[in-house]
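Here is a short note for someone meeting this structure for the first time. Please read the points with the model open.

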Amino acid sequence: MLKSTSTISWLVFAGAALLLSLLLQDLYLRSVLNLIAISALLAVSLRFVMLMGELNFAIAAFVGIGAYAAGYMSTAMEVPFWLAILIAGIGTGIVSAAFGAVTLRAKGPYFLLIGFAFTEAIRVAYSKVPALGGTSGMVGIFPPIAMDPWMPFFVMATVIVLLLIFFILERSDFGRVLFAIREKEEVARSVGINTFIYKIATIAFACFAAGIAGGLHAFVNNVISPGDFSYLMAAFALAYVKVGGEDHFFGPILGAIFLVSLSAYSLGFGGDEHFIYGGAIVLVVLLLPKGAVGAIANMRPKKAHVKGGGHAALEQ
Amino acid sequence: MTIFNKCATSAAAILVASFAAAPMVQAEEVIKLGLSTPLSGAAAIWGKGAEFMCETAAEEIREAGGVSVQGETYFFECLSYDNKYNAAEGTKVAQALFNREGVKFIGGSLGTAPVRALQSLAERQGALVFTTAWGASLKGPEHPTTFTQMNTPGEILPELIGYIVEQHPGAESVAMLNPNDATGQETEEIAATVWGEQDVEIVASDYYERGTTEFQPIAARLASFDPDIIDLGATPPADAGAIFKELDVIGWDGVKVVEVGTGADGLKATGGDAAEGVYMGAGVTFNADTATEHQIKVNERAKEAIGESLNAVQIGFYDSLFALKAAMEAADSVDPQAVAEAMPDVTFKTFYGSDIGFYGEERYGRVQQMRLPIIVTQVQNGELVEVGRLTP
Amino acid sequence: MQTFIQLGATTLQIGAVYVLFSLGLTLIFGVMRIVNFVHGHIFAVAALVVAYLLPILVGGGLAAPAAYVVASACGIAVSLALGAIIYLFGFRYFQRDLVGSFILSIGLVLLLDGVLLHVFGGAVRGVPEIFPGSVNIAGAQITVQRLFLCGVAFLMAGILYWTLGHTKLGRALRAVAYDHEAAMMMGVPYARIAFFGFLIASLLAAIAGALIAPVSIVSPVIGTDYLIKGFIAVIIGGLGSVPGAILGSLFVALVETLGGYYFDSSYAAIAIFALVIVVLLFRPKGMMGRA
């Protein structure tokens, strides 16, 4: 892909998103937009780790760590909100590096299931700490009142900056090493690359982003509880990636937009929300195995067969 | 079909479905009442029962002519969303109810974490909230538009524990168990104080994770302290039944209490004979001698609709509508602030049959608690029987 | 000493169900490299059907043990049917695709949650005891019901072990688990073997569900608790290994029993997770795992 087309797509996308976050007035839609932005960040973070061939199912635990850290710093220690989010992110990154150092020896399904076990253990742990509000949750996590009209913009801007960094990393040599690790780790090591350090760095950055997402989540919702950060959050992030298409950078973002909107819509169906959500996931996985992006890619005419320009594509 | 066609038809289908599901234009004055309860997962039946009770009350009010305010007649409509018992979903529900549906009154809410999320948004918008949640932090003078629609441990325990101690003067020690969450922790705190005041020694106070299904080790541990009384606090009836069954197998026998147990059906389902003699503080009986005809009729319909007898939690969702009606008519307004100001002084007829009002100044610093009767019940010969009733 | 025997008995009883559950999980992973989160619902469906039918049959005049057998047969049949549908219309296309199959199973979990809630309602159902009374074995009190459960569980484990070792189907399953390409080259009909593997696993889960109905709290959400414990057992024991699954299950049951008895049971939950991480530190593929 030519650099110029991706730069243009980026400018268009980022510009549209930021404009939307500034101009949207309806309170409800603003809340949904925040949710979409945070979910997109999570999905992209998850996919980033998938580039090296691992499924970081512990992501929900790290979102929680970020959220509680930011929340605690803001409510109990009166740290200014943007600083709380930043420190929360860095702290989460460090914890995840330690986690990765210990657990990355396990691969594939084992790493997946450790992540699952870790998420559930941390969730139980939060509920036992009274300073964090226990199971009833932590309240009062508010950004300064002056920020209220600007919150969606702040959230969107933070998310876009992080997405950009993910994109640049993926396109750079760092990304190439990750692909190499996924394909055949031994070969990468044989040319002298310290694959372990790359893996740790990947997890650390991905979970730094997850921690920031957690901090944003805390300030957007104002109340957090251990139940928010269960394995379902990781499962949904994975659904965004798969439904959107894991082969392309924008896939998870599309998936997040679609599924979060669907979930907001189906909230009105009461207890059937999960049913609709689950049904959507099953349908998409079965019918569109490459996700939405894959489906769109299939629609593009293959260059060799097209004569007479792009008009033929519209007839499909 | 090509992928493109598949996408197009699915998108079209979604569009059509969304228009079909769009709310119909209202032909009369309707006040939408939001409900935030768990509608899926382990507590789903509470949410479903709550919805049922809200709709029952709304129907009864409609048949009686609606709510008259400033010459206009209003009817209630119940909008029930699933908060999945956690704060993130509670926030989504709150956003949807207040900002998407334009709701100004919450007919009922369940689950401390989601209720906190709801309250936070409600207060910024000046909406009125009814809740069954027990956290005392939700109810003080800083929350002038929040009202509680059921008895909480603060009201129930002194009465219940007092009764038990009176009936079993030889019982000197108690072992407590609670689920590891806000409800359990609040209950444990209050219970510990009250047992202490009654000079009963607390030999153990444990917590367990909700969702546990194997209770043998827990039961064995409780029995090992050899207590005269085992108090299961806020443990849901089904879990409590399983624990008592295990205790029975081990051979423990003594005074059995499920303080804020709400119903005998779950207890009997899992406990069988071991459920005999259990005391409960939030149970509701539907026998002809203590229940009104109206109660029995509604309960029969409830059993058909949701599969279980009603409990005190769900009844709160009926009472709140009648309280709202009374307050709206007293304030002659449908503005939530005005209604909230009128609420502490109104009386209305509760599902339990009596006319009641609000109280709570002493305990919470504010009059916000429905003055509901505290009913002590016990399982006798397999049936739940009312053994004591106090109106505070 | 008495306490230890009682705790040991408890461990065995709790472990019995986990064994049945995790055998299915490990079999599915071994043969198809799928992490199957829907397993919990297959288990739950069997238990729910039994809980639903049993009171009806007993009310209709059938003696309790006979009613139980009939209800269990129905429950197992329904579960197997569900498993077969899920496989034929879903997992069949995602074999060896860890991420794809996992996501499919999550979607199915959400879907089935809604379906089960609608069909069975949220209320807990009571199942009357089929084999009343309890026995005293070496000083430990065990109900006959639970003894029956233990017995059947270990019998099934034994049958499975024997099947894998001594029958053609078993050898084919093991071959496929070890190296599926080589197995196919040797003429093993992979598609059919995979299907049988999935069915056997579902059968084990269904039997577990039918067995647990009289001793536990039957509601549409019981699958989740066992699922989590089952996966932990399988990770500790090693994905794909039958003896590993048994060992892992007993280990989890032991920690749960001891933890629940000597400490608060919610700490026991944390302890189990911590132990998983420790085990994996030293044996990244589980105690008896292989690729």
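Predicted model: local features only at pLDDT ≥ 70, side-chain atom pairs only at ≥ 80, totals over all residues.

1. First, a term: a salt bridge here is a side-chain nitrogen of Lys or Arg within 4 Å of a carboxyl oxygen of Asp or Glu.

2. The domains of chain B. Domain 1 covers 26–151 + 291–373, and domain 2 covers 154–281. Their C-alpha centres lie 29 Å apart.

3. How the two domains of chain B meet. 15 residues of domain 1 are in contact with 13 residues of domain 2. About 1100 Å² is buried between them, and carbon and sulfur atoms give 56% of that area. Trp134(B), Asn151(B) and Arg363(B) supply 43% of what domain 1 buries against domain 2, more than any other three residues.

4. Three residue pairs are in polar contact across the interface of domain 1 and domain 2. The side of domain 1 that touches domain 2 has seven nonpolar, six polar and two charged residues.

5. Chain C against chain A. The contact takes 40 residues from chain C and 37 from chain A. The buried area is about 3400 Å², with 84% from carbon and sulfur atoms. Ile103(C), Leu110(C) and Phe273(C) supply 18% of the area that chain C buries there, more than any other three residues.

6. Pairings and helices. Between chain C and chain A there are zero salt bridges and zero residue pairs in polar contact. On the chain C side, α4, α9 and α11 each supply at least two residues. The largest share, 14 residues, comes from α4(C). That side divides into 26 nonpolar, 10 polar and four charged residues.

Methods:
Residues numbered from 1 in each chain as written. Chains lettered and ligands numbered in written order. Heavy atoms only, no water. Contact = heavy atoms within 4.5 Å. Buried area = accessible area lost by both parts, 1.4 Å probe. Polar contact = N/O pair within 3.5 Å; in protein donor to acceptor, adjacent residues only side chain to side chain. Helix = DSSP H or I, 4+ residues; strand = E, 2+ residues; numbered from the N terminus. Nonpolar A, V, L, I, M, F, W, Y, C, P; charged D, E, K, R; others polar. Domains from an automatic or database assignment.
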